[in-house]
Amino acid sequence: MKEIKHFIGGAFVGSASGKLFDNVSPANGQVIGRVHEAGRAEVDAAVKAARAALKGPWGKMTVAERAEILHRVADGITARFDEFLEAECLDTGKPKSLASHIDIPRGAANFKVFADLLKNVANEAFEMATPDGAGALNYGVRRPKGVIGVISPWNLPLLLMTWKVGPALACGNCVVVKPSEETPLTATLLGEVMQAAGVPAGVYNVVHGFGGDSAGAFLTEHPDVDAYTFTGETGTGETIMRAAAKGVRQVSLELGGKNAGIVFADCDLDKAIEGTLRSAFANCGQVCLGTERVYVERPIFDAFVARLKAGAEALKIGEPNDPEANFGPLISHKHREKVLSYYQQAVDDGATVVTGGGVPEMPAHLAGGAWVQPTIWTGLADDSAVVTEEIFGPCCHIRPFDSEEEAIELANSLPYGLASAIWTENASRAHRVAGQIEAGIVWVNSWFLRDLRTAFGGSKQSGIGREGGVHSLEFYTELKNICVKL
Ligand SMILES: NC(=O)c1ccc[n+]([C@@H]2O[C@H](COP(=O)([O-])OP(=O)(O)OC[C@H]3O[C@@H](n4cnc5c(N)ncnc54)[C@H](O)[C@@H]3O)[C@@H](O)[C@H]2O)c1
Ligand SMILES: O=C/C=C/C=C(\O)C(=O)O
């Protein structure tokens, strides 16, 4: 049985306590490995290793030298593409067809993009007048923030972790990563790539374990971490923010959502159906940017529901190696219980179940997996928990609307504000509506189209701060002003 260890100070190490937990395959329920659970001692060792590395060669390197090493990290991921793919799909159960064109390539791109960006960022400078007429010159310099705690979720494990580690390292920080307990493999494998690429020991550390009263809490309570970047549930974000308040440490939070899709009658229906199918069901609905509320203009409501139903029913459920599969399992049985409780709630609240609503029949060798049917409802009240709470499963509720104003009001009615997708061929309407949606990201006639130079993050309870492009610099560096009297 594979044993998964921490990566601390450039070495793979087990826990002093000898505590291990199971890594379970979501596709068949079998134990695929045993993972060391970090105690305070391992978290402390990782933070110390990061602090020491910051004072070592990494902190003194030029941007160009660091960028070259990070390019080697990206190339190292690409060179071991199949191993990363295998590991990611073992952990998550997601189809290889999905991970091979999203998760793994983005894992590599996250290092390249930020390494290149850093080489081309200028700092501000202001000349000022002084009473003696000689003047003064102000200029900004950016310095690494220090040791960054990176806490990441299980839905896109390599993508979301490297989305933070890439810019953090490019800016000269050292990191301690706490991947989700559900998905320890790719973060661990990345340790090998870091070593081979020449990243000095202690720059990239990984500690495994759970959230509360385990590695996650030990990391967020550790006094020698300078800042935390977190992606996960809004409630966890609140807990991390509280822990970070001690010592006034900065947080970057990418949190939950209950994203709205708005489909106008003047849309290109083929595009709207294709995009909404992906936004509701890709990665078995476990994408923070996914659409769980769909608002459709009344004249095309029935046609839209019928076509989305047909699309959902045509999804091919299967295990990662099935080349035809485009729909995998949920991450765990625990998460399936949560998703199925909403499926039940929808029925109790009087929904029309357009399709799905239960557990699919699977062949015997996959019967132990966390499978669930893609599900569509109509007919729920706007205040049903199914319509207001993040389910994080392959499901959406579709509701008709009659005017632009009504659609905007419905989209903005919840305390979340992560992402939205608008479908219309009317360019004025697209801009007008997009500008009024309370969300950090609005797509028009697309979904999950990502340019890594753009600002990424949520408004309202979907997060604090923006990452992506130069925006990542704001979080991962300290901007210092130097004022020189001439
Ligand atoms: N906004 C975004 O960019 C984005 C992206 C992906 C996922 N998400 C959100 O993530 C959630 C799904 O991921 P999840 O279930 O892994 O989230 P989660 O909040 O349960 O866990 C995320 C990470 O936090 C750790 N953690 C949990 N409790 C902790 C604590 N008390 N202290 C420190 N660490 C703790 C977990 O071990 C895990 O590593 C959804 O809500 C989804 O919307 C948001
Ligand atoms: O599940 C959430 C997906 C987030 C995606 C990104 O953070 C990204 O594309 O950079």
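**Strands, ligand contacts and buried residues**

Strand β8 (residues 147-151) pairs with β11 in the parallel sense over 4 bridges. Two strands are said to pair if DSSP finds at least two bridges between them; helices (H or I, at least four residues) and strands (E, at least two) are DSSP runs, numbered from the N terminus. The structure is a predicted model, in which local features need pLDDT of at least 70 and side-chain atom pairs count only at pLDDT 80 or more, while totals for chains, interfaces and linings use all residues. Residues are numbered from 1 along each chain as its sequence is written, chains are lettered from A and ligands numbered from 1 in the order in which they are written, and side-chain values use heavy atoms, with hydrogens and water left out.

Strand β11 (residues 227-231) is mostly covered, 5 of its 5 residues being buried. Buried means under 20% relative accessible area, exposed means over 50%, and partly exposed lies in between (1.4 Å probe, protein chains only).

Ligand 1 is surrounded by 30 residues, of which the closest are K178, E181, T236, L255 and E390. A residue is counted as near a molecule or strand if one of its heavy atoms lies within 4 Å of it. E390 also places a polar side-chain atom 2.5 Å from an oxygen atom of the ligand. For W154, the distance from a polar side-chain atom to an oxygen atom of ligand 1 is 2.9 Å. With E233 the polar atom belongs to the backbone, and an oxygen atom of ligand 1 lies 2.9 Å from it. Taken alone, ligand 1 exposes 840 Å², and the protein buries 92% of that. These areas come from the Shrake-Rupley method with a 1.4 Å probe; for residues, only the protein chains shown count as cover.

An open sheet is formed by 7 strands in the order β15-β16-β17-β14-β13-β19-β20, with mixed pairing. Its edge strands, β15 (352-355) and β20 (441-444), each pair on one side only. Neighbouring strands of this sheet are turned by 25° against each other on average, direction ignored. Axes are lines fitted to C-alpha atoms, for helices over the stretch in contact, and angles run from 0 to 180 degrees between N-to-C directions.

Strand β15 is joined by 3 bridges to strand β16 (residues 375-378), and the two run antiparallel. In this pair, V353 stands opposite W377 in β16. T378 lies in strand β16 as well, and it counts as buried because its relative accessibility is 11%. Leaving out residues up to four places away in sequence, T378 touches F301, V305, A351, T352, V354, H397 and I398; contact means heavy atoms within 4.5 Å. Helix α11 (residues 269-281) lies across β13 (259-263), β14 (291-297), β16, β17 (395-401) and β19 (419-423), running at about 160° to β19.

The loop between α11 and β14 contains C284. This residue has a positive phi, near 55°, and is not a glycine; C284 is buried, with a relative accessible area of 1%.

The loop between β20 and β21 (459-460) holds W447, which is buried at a relative accessible area of 4%. Residues up to four places away in sequence aside, W447 touches G275, R278, S279, A282, V287, L289 and G290. A polar side-chain atom of W447 lies 2.9 Å from the backbone oxygen of L289. A polar contact is a pair of N or O atoms within 3.5 Å; within protein, one must be able to donate a hydrogen and the other to accept it, and residues adjacent in sequence count only if both atoms are side-chain atoms. F448 is found in the loop between β20 and β21 and, although not a glycine, has a positive phi of about 55°. F448 is buried, with a relative accessible area of 17%.

Elsewhere, strand β6 (residues 125-128) and strand β7 (residues 136-144) pair in the antiparallel sense over 4 bridges, and E127 has L137 in β7 as its bridge partner. Strand β7 also pairs with strand β23 (residues 477-485), in the antiparallel sense and over 9 bridges. There, Y139 stands opposite I482 in β23.
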